[in-house]
Structures are given as structure tokens and as C-alpha cells.
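These are my notebook entries on a structure that I went through element by element. I set down what I looked up, in the order in which I looked.

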Amino acid sequence: MGDVAVSMSGSTHPPLRPFGLVLLLGVPALLAGLVNLSMQLPPGQWWHALIQPDATDIAELLVLYSFAPRLVVSLLAGAALGLAGALLQQVLRNPIASPTTLGIEAGANLALGATLVFAPVLIGFGREWVALGGGLLTVTLVLLLSRRSGLAPLVVILAGMVTGLVCAALAALLTLFNSHYLAGLFLWGAGSLSQQDWAVPRELAPRLALMGAAALLLLRPLALLGLEDGAARSLGLSLKVSRFTALAVAVALTGSVVASVGSFGFVGLAAPMLARLGGARRLGTRLLVATLLGAALLCLTDQMVILLSSSSGMLLPTGAVTAMLGGPLLLWMLPRLNLPPHTASGLIAPTAGTGRPFMCLGVLAVVLVIAAVLSASLGPGLEGWSIAAPGDPVWSLRLPRILAAIAGGTLLAVAGGILQRVTGNPLASPEVLGVSAGAAGGLVVALFVFDTIDRSGQTLAAMAGASLALVVILALARASKGSPERVILAGIAIGALLDSLVSILMASGDPRAMRLFNWMTGSTYGIDAASAASSLAAAGLVLAALPLVARWLEILPLGDASARALGISSLRSRSLLLALAAITTALATLLVGPLSFVGLIAPPLARLVGLRRPLPELFGAALLGSVIMAVADFIGRSIAFPWQLPAGLVASAIGAPVFLWLLTRKKT
Amino acid sequence: MTTPSTGTLFELTDTHVSVEGRTLLHPLSLTVPSGKVVGLIGHNGSGKSTLLKLLGRQLDASGGDVRLEGRPLADWSNRAFARRVAYLPQTTPATGGMTGRELIALGRYPWHGALGRITAEDRRKIAEAIELTDTAPFADRLVDTLSGGERQRVWIAMLVAQGAHCLLLDEPTSALDIAHQLEVLELVRSLCRERGTGVVVVLHDVNMAARYCDDIIALHGGRMIARGTPADIVTPHTLREIYGIEMEVIRQENGRQVSVPRL
């Protein structure tokens with residue numbers, strides 16, 4: 001399965017020779033390196049600098065202790081990530097496994113950040129051990145979560161990317177609270193290769209050599225792991241031992257890189273994938289070519305970054321750039337993958353349905369009112385918890401944010417429900433389709449292009465971004481013939497693209513970045529009564545519009561052919577509904593940030609409680625989404641009093657596990 | 001009620017279809033009569049599904065002319081067309097949490113549209129469709145939990161509720177066992193006989209086509225190579241042209257002719 005997973009059926013080009021591919025990337029990397037070198041030191045002095053370095057010549061010192069080690073580190077780190085990716089793909093029989101897509105990098109990064117803040121002593125034992133522990137924990141979690149699906153490739157990746165998102169969110173939270181300690185974490189989390197001496201390469205090289213040797217020893221068992229479990233076992237292989245060892249080697253490779261230079265998203269995905277596409281069919285060749293390609297790829301990117309920063313003066317973290325290049329790569333790859341479809345039974349399992357949807361909606365509404373009232377009246381203060389009666393001044397402080405949270409939850413849930421029905425994809429939602437990311441991107445651009453921007457301007461920018469993301473993603477969905485999981489992965493890739501954009505902005509040190517960051521995590525803190533009221537009104541309007549499109553929402557999930565046969569112009573109905581979803585998402589994103597999973601989980605939860613038909617399902621989802629956001633707001637306000645956690649971030653911490661549970665839930 | 005008419009339903013003049021430089025259907029001229037069961041047969045990739053999609057407006061012709069009841073297809077509005085012609089795709093999509101009755105009720109969309117009221121007429125047609133297709137036992141069950149044959153009946157019931165003059169069915173029996181194949185085709189033919197509904201059906205099995213169709217169109221490589229009554233088509237010579245292998249025609253005890261490949 002693993003070997004046939006990438007099919008190039010769509011292409012008529014003859015496969016490139018695998019080592020030719022290495023040259024194809026390596027030669028430009030070499031050339032760029034030479035150009036950079038000659039800019040720092042005239043070619044005439046090279047030989048001299050190598051044989052008899054002159055300790056008083058700054059240019060020679062810079063080349064010897066900054067440029068050269070950086071070059072070596074980029075080669076080493078790239079090679080390690082390439083090898084790690086190739087190992088992961090083989091062990092999991094999954095052509096899109098990689099340190100990034102399994103959340104290993106994000107997990108290692110979070111472990112490092114958390115250790116720095118809470119137990120700096122541990123760092124003394126060696127950063128790579130901390131990173132290794134974090135990486136292992138993450139990958140174990142991901143595999144446990146997807147175990148029920150029999151480690152179906154798409155489910156593993158979904159679980160991995162969602163876990164990675166949560167780890168990134170938690171790391172963001174740490175940064176929010178400890179910006180003094182962790183100012184450097186951003187740059188480092190985004191992967192920076194700049195060096196001051198030979199310490200890092202001296203550290204990395206022996207470790208990587210060790211892991212490389214381990215991979216070599218694992219070659220034969222790994223080749224068997226590419227087969228079906230049964231076949232491998234019948235050939236006398238202890239599956240557990242060899243699988244675990246190989247995973248550990250891959251995580252250790254990633255961990256060493258993350259600990260010493262940070263994360264370089266997608267190098268570990270791109271290198272083995274290119275090796276495969278280049279025709280490296282046998283496992284040994286593939287591991288070797290992936291290692292070489294990883295080195296060439298990262299080196300090329302890094303030299304380009306140096307070239308760019310020396311010509312424009314911009315300081316770009318190389319890791320953010322690889323993530324930016326990796327996003328489109330994943331998008332390009334998805335339609336070409338030949339993955340077995342997996343039906344997410346927990347999300348679409350037909351439920352018997354309740355005979356009394358009104359009763360069900362009533363109960364949910366009561367729950368929402370209770371949650372809102374409790375949240376408004378309860379809260380920790382300086383003298384411990386207290387209850388405030390209605391009319392108490394704290395109500396006027398708490399109520400706007402509770403209402404804003406409810407409006408945000410409603411809007412996201414409705415957007416999710418509409419997208420799930422229009423795309424016929426039970427996994428669709430504004431968050432995972434990259435629509436929220438698009439809205440955020442629109443806002444980021446507006447924030448940096450215009451110095452001051454009022455709320456209506458923000459709304460417009462967010463809407464433009466959301467619509468653009470939606471158009472792109474649907475075009476891609478069409479290209480990949482609409483397999484649900486692929487569309488989601490495409491959306492996540494778009495989200496990663498945005499993340500890297502934000503990392504680059506953050507690393508630039510612009511003061512607007514912190515404000516942006518605050519908002520990106522979805523804080524309801526600054527909401528005033530007027531904007532809360534207008535958001536609530538917008539949510540009400542959207543709910544009122546739903547009955548007008550209910551019949552479309554019932555027919556469109558049956559697919560284009562059926563819709564057309566019933567006389568629906570699918571272009572018109574779809575565009576209208578998608579525009580509605582984009583507007584709704586943009587409004588919600590302004591309120592609670594792009595990073596909650598409410599739009600993803602509220603509609604399936606509504607179906608789970610027995611609301612089947614479009615209208616009850618959407619109204620139920622809206623109520624559930626509101627409850628989740630209201631609770632998230634309450635938790636964020638009180639759990640770390642006197643500090644505030646952003647509601648969006650708390651919601652994602654609640655939502656991600658629920659989603660993973662739904663994804664792997666067994667059919668009853 | 002629709003009155004059985006004997007006129008022409010579809011009329012194709014030099015119609016051809018090509019997608020991305022590949023010709024799926026060479027210029028073709030034919031007429032499809034109303035009130036009859038017309039079978040489309042041919043090898044895989046012969047263009048039979050393409051022809052059916054063309055008739056159902058699921059696919060646009062690259063050139064030539066297609067008319068329904070004398071009017072070019074493009075002149076029909078979406079819903080007006082859907083009131084005349086109902087189409088069943090080859091693989092019916094998953095229906096999520098929909099019950100049989102809810103699915104059948106969707107057939108009324110061309111009549112009431114997105115916002116129109118659901119009238120007594122709509123309800124009567126739905127009840128009638130359920131009765132005609134014998135799907136009452138499945139009406140309150142989730143469609144996705146039905147067996148293949150039951151599900152196909154429910155989908156056909158939806159097409160019946162649509163009240164169209166013509167049903168286009170793309171291999172409605174492909175995933176069914178032999179007993180259910182007979183059952184579904186029996187249903188299709190009785191709809192035609194009792195209500196005068198025209199049917200164009202793509203079938204894989206030439207014997208099924210011969211048993212249930214009044215008129216058979218045989219395609220090969222995107223061209224029509226034979227057309228006629230079952231008796232005209234089920235001859236060793238024509239079958240060899242259609243499928244490219246030697247076939248034998250055997251007489252069953254009940255007098256019907258069946259063909260089998262010469263083994």
C-alpha cells in the first residue's frame with residue numbers, strides 16, 4: 001500500500017532519475033551559496049581564509065564562524081528531517097506522514113517552551129531530551145487517537161495536524177503570558193539557522209550519524225513494514241518492536257533538529273515525497289535520496305533567504321519560509337495521492353434521530369440560558385469566588401463578552417453546518433477549510449497596509465480574505481475530485497500558510513504584531529456593549545435567513561448530479577450558500593479568532609443528539625456552538641484569574657479533543 | 001395524470017461530445033420515442049452513459065443539436081426541465097440521515113422550488129409514488145441502512161414523485177443481485193406500461209435489455225452501431241459487433257432467446 005500510494009497517473013512526463021533530482025536542487029543551492037559567499041568575501045581570499053585564517057579580518061571571521069557553520073547546519077538539519085520523514089512514511093505506510101503533519105515538531109516545540117517557563121532546571125539535562133520527550137508524547141497521542149481507524153493514513157494525518165494545531169495554540173498561550181522569557185521562542189519556533197560558531201554542527205553531526213546508522217540497521221525490517229501487517233508477521237517480523245524503534249529514530253532525528261535550530265515545516269514532507277516522485281522505488285534508495293534531497297532543499301531555501309535578506313535587509317526565519325513553500329507543495333500533492341478513502345464513521349454514522357426536534361432544541365436553549373446566567377453571575381475576585389445578582393456592575397462588564405462569545409459560537413456553527421452540507425463533507429468547517437485563516441489573513445494584510453482601521457474596515461477585509469480562501473479551496477476540491485479528507489488537508493495547508501505569514505510578521509518585531517497575536521488567539525476581552533449587540537444582531541439575521549435556504553441544504557449533499565436532476569442550478573445555489581458561509585465566518589473570526597473548532601464539532605454534535613434535518617440541525621448546532629463558546633469564555637476568564645485566557649484558544653482546547661473523539665468514534 | 005403519448009421525446013442531430021480532446025460520442029443523430037422503455041447497451045466506455053448524461057443535461061454537447069419535445073435543451077429552465085425529465089445517477093450518493101420518505105419528497109422540488117409552499121398535490125404525488133413503487137415499508141427507515149435493492153426502489157420512487165414524462169436510469173441494476181435486478185426492471189417496465197412514462201435505461205446485461213426493453217440502442221466506441229427491437233439485436237452477428245466476441249443465441253424452454261458468450 002505504501003509503495004503504490006503516490007500514483008502519477010495524471011502526468012505524462014517520464015519519471016526523473018532520483019539522483020538527478022538531487023542534482024537539480026543541489027546545483028542551484030551550491031550556486032546560491034557561492035554567490036552569497038562571494039558577497040561576503042571576494043573569491044580571491046577564499047583559499048587564504050581556509051588555509052591561514054586571519055583573526056583580525058572581520059569578513060573572514062564571519063565566513064568561518066557564521067556563514068560556514070550555517071551552511072553545514074542547514075545541510076545537517078535538512079538531511080535529518082528528510083530521513084525522519086521517509087522513515088515515518090514507511091512505518092505508517094502513509095505517503096503524507098512527516099514530522100510536521102504528525103505534530104511532532106509542534107509537540108517538541110511546546111515541550112521546550114513549557115520547560116523553559118515551568119522547569120528551566122530540566123533544560124540543563126539537554127534541550128534535545130526535552131524535545132525528544134515532547135515529540136514522543138505527541139506521536140504516541142496521535143497514534144492512540146487514530147488507532148481505532150486501524151491507522152488509516154488520512155485519519156492519522158488529521159489527528160496529527162489537529163494535535164499540532166493544539167500544541168501550537170498552547171505554545172502561543174505560553175508566549176502570551178511570558179513574552180519576556182520567550183521573545184526568542186518565536187524566532188526559534190519559526191526555525192532560524194543563524195550561527196555564531198561551530199557548536200551546533202558539532203553537536204548535531206554525531207547524533208545524526210548515530211541515527212543514520214540506526215536507520216541502516218532497520219532497513220530490512222522496515223522494508224517488510226511496508227507490507228500489510230499480516231504479511232509482515234508471516235515473514236517472521238516482530239511488528240511492535242521494529243515499528244516502535246523506527247518511530248523513535250524518526251522522532252529523535254526531529255527532536256535534535258528542533259532542539260538545536262527550531263522547526264522547519266514541510267522539509268520532512270517534501271524530501272521523501274520528491275524522492276518517491278523521482279522514482280526512488282526501493283526503500284534503501286528512497287531513504288538515501290530523501291536524506292540528500294532534504295539537505296539540498298533546506299540548504300537551497302536558506303541560501304535564498306540569505307540572498308534575500310542581504311539584498312533587502314529583511315530578516316526572515318528560514319523555518320517560516322519552508323512552511324510557506326511547503327503549504328503549496330502539500331496542496332499540489334493532494335490531488336495526486338492515491339489514498340484509500342476512509343469514512344469518518346463517527347461523523348456521518350446515521351443516527352436514529354429524535355422524533356421531537358423542538359423539544360431537543362428547547363432543552364439546548366435552556367442549557368444556553370443557564371450557562372450564560374451562571375457565567376455572568378459567577379466569577380473569581382480578589383477575595384475568592386463570588387456570586388453577583390443581576391444588576392450588579394460586574395454584569396455590565398461580563399455580559400458583553402458573554403454575548404459576543406454566544407454570537408461567535410452561533411456564527412461559526414452555522415458556517416460549519418452550511419459548509420458541511422454544501423460540500424457534502426462531514427469534516428468541513430470554516431476552521432479546517434482555511435476560511436477562518438483566510439479571514440485572519442485579510443485582516444492581517446489590512447492591519448499592515450493601513451495604519452488605522454475601524455471595525456467596518458476590519459469586517460470588509462476579513463470577508464474578502466474569507467471569500468478568497470473559499471474560492472481557492474473549492475477550486476482545489478474540484479481538482480482533487482472532492483474526497484472529503486483531501487479537501488480538509490488542503491484547508492489545513494492553507495492554514496499553515498497563514499501561520500507562517502504571521503510568524504514572519506512576528507519575527508519582524510513590528511509592534512502591531514502583538515496586537516494581532518492577541519486577536520489571533522481569539523480574545524473576547526476587549527468587546528464593548530455596542531459591538532456585542534451588533535454581533536448578536538448579525539447572528540440573529542443569519543439564523544433568520546436559514547429557512548430560506550433549507551431545501552437547498554437538504555438536496556445539495558446528494559451531489560451535483562442529483563441536484564441538477566431536481567432542477568437546482570447548482571452554481572447559483574452553491575455560490576449563494578458559500579457567500580453566506582464566508583460572511584458568517586468573517587464575522588465570527590472577528591469575534592473569537594480563527595482558532596476554535598466550534599464550526600467543526602457543533603454540527604456533528606447536533607446530529608449526535610438526534611437533529612437530522614437541515615433546519616433543526618443548524619439551529620441545534622448554533623445553540624451548541626454558543627454553549628461551547630460561552631463556557632470557553634467563562635473558563636478563560638476564571639481559570640487563571642487574574643489573568644485572562646482568550647476564549648478562542650480555550651474553545652480550541654475543548655474542541656480539538658471532541659473532534660478527535662468524533663473522528664474515531666465507533667459506529668454504534 | 002400524464003397521458004401516454006406516442007410522439008418523439010428526444011431528438012438528436014449530429015450531436016457529439018468530446019472532453020479534453022477525447023471524443024466520447026461521435027456525431028450522432030437519433031430520436032427517442034416517448035412512452036417506451038429504451039435500452040442503451042455497449043461495452044465499457046462505449047458512450048452509453050455519456051449519451052444518457054447528455055439527455056439528462058448532466059453534460060453539454062460539444063456540438064450538434066439536442067431537443068426535448070421539439071425545443072432545444074438549453075431553452076428549458078432548470079425546474080421546467082426537471083418536471084419533464086428525471087435522472088438517476090449510476091452510483092446513488094450517500095444520503096446522510098435521511099429517511100425514505102424525506103428522500104422521496106425531494107422529488108417535488110421542481111414543483112415547489114426553494115420557497116414555494118408544499119401543497120396537497122405534492123403530498124398526494126409522494127403518497128402515490130410510495131404506493132406505486134411499494135416502498136411504504138422503507139418510508140420511515142434511514143436510506144443508508146437499506147439494502148441495495150431497497151435503496152434503488154426508494155430512489156426510483158423519488159423519480160416517480162418528480163412526476164416526469166421520462167426517466168433516465170444509468171445502470172440501475174449494476175450493484176444488485178440477480179433477483180433484485182429483475183425486481184427493479186420489472187418495476188421500471190410497469191411504470192412505463194401503467195403510466196406511459198418513457199424510460200431510457202443503460203444496461204450492462206444484454207439479456208436483461210432484451211427482456212425488458214421495447215427498443216435497444218447499441219453503441220460501440222462512441223458510435224451507434226445497431227438499433228432495433230430485441231429480436232433485431234439479439235443475433236450472433238450483431239452481438240459480435242457490439243461486444244467484439246463470439247456470442248451464441250440459445251432458445252430457453254419458455255421460448256425466449258438468450259445469448260451467452262461462446263466458451
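I began just after helix α1 of chain B, where B:R57 takes a positive phi of about 60 degrees; helices and strands here are DSSP runs, H or I over at least four residues for helices and E over at least two for strands, numbered from the N terminus. I noted for the record that this is a predicted model, in which local features need pLDDT of at least 70 and side-chain atom pairs count only at pLDDT 80 or more, while totals for chains, interfaces and linings use all residues. Residues are numbered from 1 along each chain as its sequence is written, and chains are lettered from A and ligands numbered from 1 in the order in which they are written.

I take a residue as buried if 20 or more other C-beta atoms lie within 10 Å of its own, as exposed if 12 or fewer do, and as partly exposed in between, with C-beta atoms placed from the backbone. The buried set includes B:K48 and B:K53 as well as B:L51, B:L52, B:L54 and B:L55.

Between β1 (residues 8-19) and β4 (residues 63-68) I found 5 bridges, and B:E11 stands opposite B:R67 in β4(B).

I traced an open sheet of 6 strands in the order β6-β7-β8-β3-β9-β10, with mixed pairing. At its edges stand β6 and β10 (223-228), each with a single partner strand, so one side of each has no neighbour in the sheet. The twist averages 15 degrees from one strand to the next.

Is strand β8(B) buried or exposed? Both of its faces are covered, with B:G198, B:V200 and B:V202 buried on one side and B:V199 and B:V201 buried on the other. Strand β8(B) pairs in the parallel sense with β3(B) over 4 bridges, and with β7 (residues 166-170) over 5 bridges. I recorded B:L40 opposite B:V202, and B:V199 as the bridge partner of B:L167. By contrast in sense, β9 (residues 215-220) and β10(B) pair antiparallel over 5 bridges, with B:I217 opposite B:R227. Helix α10 (residues 236-243) lies across β3 (37-42), β9 and β10 of chain B, running at about 155 degrees to β10(B).

Entry on chain A. I counted 28 helices and 2 strands, and buried residues make up 55% of its 668 residues. The strands β1(A) and β2(A) form a hairpin with 2 residues between them, and 4 bridges join them in the antiparallel sense.

Entry on the core and the contact between chains. Which residues have the most contacts inside the largest nonpolar core? They are A:L293, B:L168 and B:V188, in a core of 284 residues, a nonpolar core being a set of buried Ala, Val, Leu, Ile, Met, Phe, Trp, Tyr and Cys residues joined through C-beta atoms within 7 Å. Its largest share, 17 residues, comes from helix α3 (residues 58-92) of chain A.

Where the chains meet, 22 residues of chain B are in contact with 22 residues of chain A. On the chain B side, α2(B) gives the largest share, 4 residues.

Methods: Contact = placed C-beta atoms within 7 Å. Pairing = 2+ DSSP bridges. Axes fitted to C-alpha atoms, helices over the stretch in contact; angles between N-to-C directions.
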